[in-house]
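Dear colleague,

Please find below the structure that I am handing over to you, together with its sequence. My findings follow it.

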Amino acid sequence: EVQLVESGGGLVQTGGSLRLSCAASGFRFDDYAIGWFRQAPGKEREGVSCITPRNGNRYYAESVKGRFTISSDNAKNTVTLQMNSLKPDDTATYYCAAGPVDFIARMRLLAKDEYTFWGQGTQVTVSS
């Protein structure tokens with residue numbers, strides 16, 4: 001049974017921090033890229049960050065670079081997204097997703113259509 005379970009969302013003021021976690025199970029962790037995506041009302045789902053646990057490579061959308069940090073704990077099959085200096089534009093439902101790393105081109109690692117498994121989402125709200 002494939003499961004991706006997000007936690008850590010909540011309400012925070014501008015400039016604050018949140019730490020999101022994604023617990024993965026039911027598939028071989030190091031064969032997948034694990035990505036964070038977000039979707040605000042009326043907008044398309046967009047890639048935020050991803051990590052390839054096999055080698056620890058990390059990727060970020062330009063809008064979050066320098067503010068967010070993604071990491072993996074391979075022993076626990078978990079991925080964490082540390083979100084600092086949050087802005088109201090970061091408000092969205094955040095989803096954890098997994099895609100087969102060997103079949104995703106590097107330049108498409110933040111493309112939602114490349115990902116197979118999805119979590120239920122966790123809400124992040126940043127107040128101004």
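This is a predicted model: local features need pLDDT of at least 70, side-chain atom pairs count only at pLDDT 80 or more; totals for chains, interfaces and linings use all residues.

**Salt bridges**

Asp90 forms a salt bridge with Arg38, the closest N and O atoms being 2.8 Å apart; a salt bridge here is a side-chain nitrogen of Lys or Arg within 4 Å of a carboxyl oxygen of Asp or Glu. Strands are DSSP runs (E, at least two residues), numbered from the N terminus.

Residues are numbered from 1 along each chain as its sequence is written, and side-chain values use heavy atoms, with hydrogens and water left out.

Asp90 has a relative accessible area of 2% and is therefore buried; Arg38, at 6%, is buried as well. The terms are set as follows: buried is under 20% relative accessible area, exposed is over 50%, and partly exposed lies in between (1.4 Å probe, protein chains only). Arg38 also meets the side chain of Glu46 in a salt bridge (2.8 Å, N to O), and Glu46 counts as partly exposed because its relative accessibility is 32%.

The structure holds 9 salt bridges. Another one of them joins the side chains of Glu114 and Arg108 at 2.4 Å, N to O; Arg108 is partly exposed, at 37% relative accessibility.

**Cysteines**

There is 1 disulfide in the structure, a disulfide being a pair of cysteine sulfur atoms within 2.5 Å. Its partners are Cys22 and Cys96, with sulfur atoms 1.9 Å apart. The torsion about their S-S bond is about -70 degrees, so the disulfide is left-handed. It links distant parts of the chain: Cys22 belongs to strand S3 (residues 18-25) and Cys96 to strand S9 (residues 92-100), 74 residues apart. Both Cys22 and Cys96 are buried.

Cys50, by contrast, is in no disulfide; the nearest cysteine sulfur is that of Cys96, 11 Å away. Cys50 has a relative accessible area of 0% and is therefore buried.

**Strand S9 and its partners**

Of the 9 residues of S9, 8 are buried, so that the strand is mostly covered. Strands are taken as paired if DSSP finds at least two bridges between them. S9 runs antiparallel to strand S4 (residues 32-39), with 8 bridges between the two, and Gln39 stands opposite Thr93 of S9. S9 is also antiparallel to S11, through 3 bridges; there, Ala92 has Val124 in S11 as its bridge partner. A further 2 bridges connect S9 with strand S10 (residues 117-118), again antiparallel, and Ala97 stands opposite Trp118 in S10.

Thr122 lies in strand S11 (residues 122-127) and counts as buried at 11% relative accessibility. A polar atom of its side chain is 3.2 Å from the backbone nitrogen of Gly9. Not counting residues up to four places away in sequence, Thr122 touches Glu6, Gly8, Gly9, Leu20, Ala92, Thr93 and Tyr94, where contact means heavy atoms within 4.5 Å.

**Nonpolar cores**

A nonpolar core is a set of buried Ala, Val, Leu, Ile, Met, Phe, Trp, Tyr and Cys residues joined through side-chain atoms within 4.5 Å. The largest has 29 residues, and those with the most contacts inside it are Ile34, Trp36, Phe68, Val79, Leu81, Met83 and Tyr94. At least two residues of this core come from each of S3, S4, strand S5 (46-52), S7, strand S8 (78-83), S9 and S11. Another core, of 9 residues, lies apart from it and includes Phe37, Ala97, Leu109 and Tyr115.

Ile70 is in strand S7 (residues 68-73) and is buried, at 0% relative accessibility. Beyond its neighbours within four places in sequence, Ile70 is in contact with residues including Ile34, Trp36, Cys50, Val79 and Leu81. The C-alpha atoms of Ile70 and Ser85, which are 15 residues apart along the chain, are separated by 15 Å.

Yours sincerely

Note on methods. Helices (H or I, at least four residues) and strands (E, at least two) are DSSP runs, numbered from the N terminus. A polar contact is a pair of N or O atoms within 3.5 Å; within protein, one must be able to donate a hydrogen and the other to accept it, and residues adjacent in sequence count only if both atoms are side-chain atoms.
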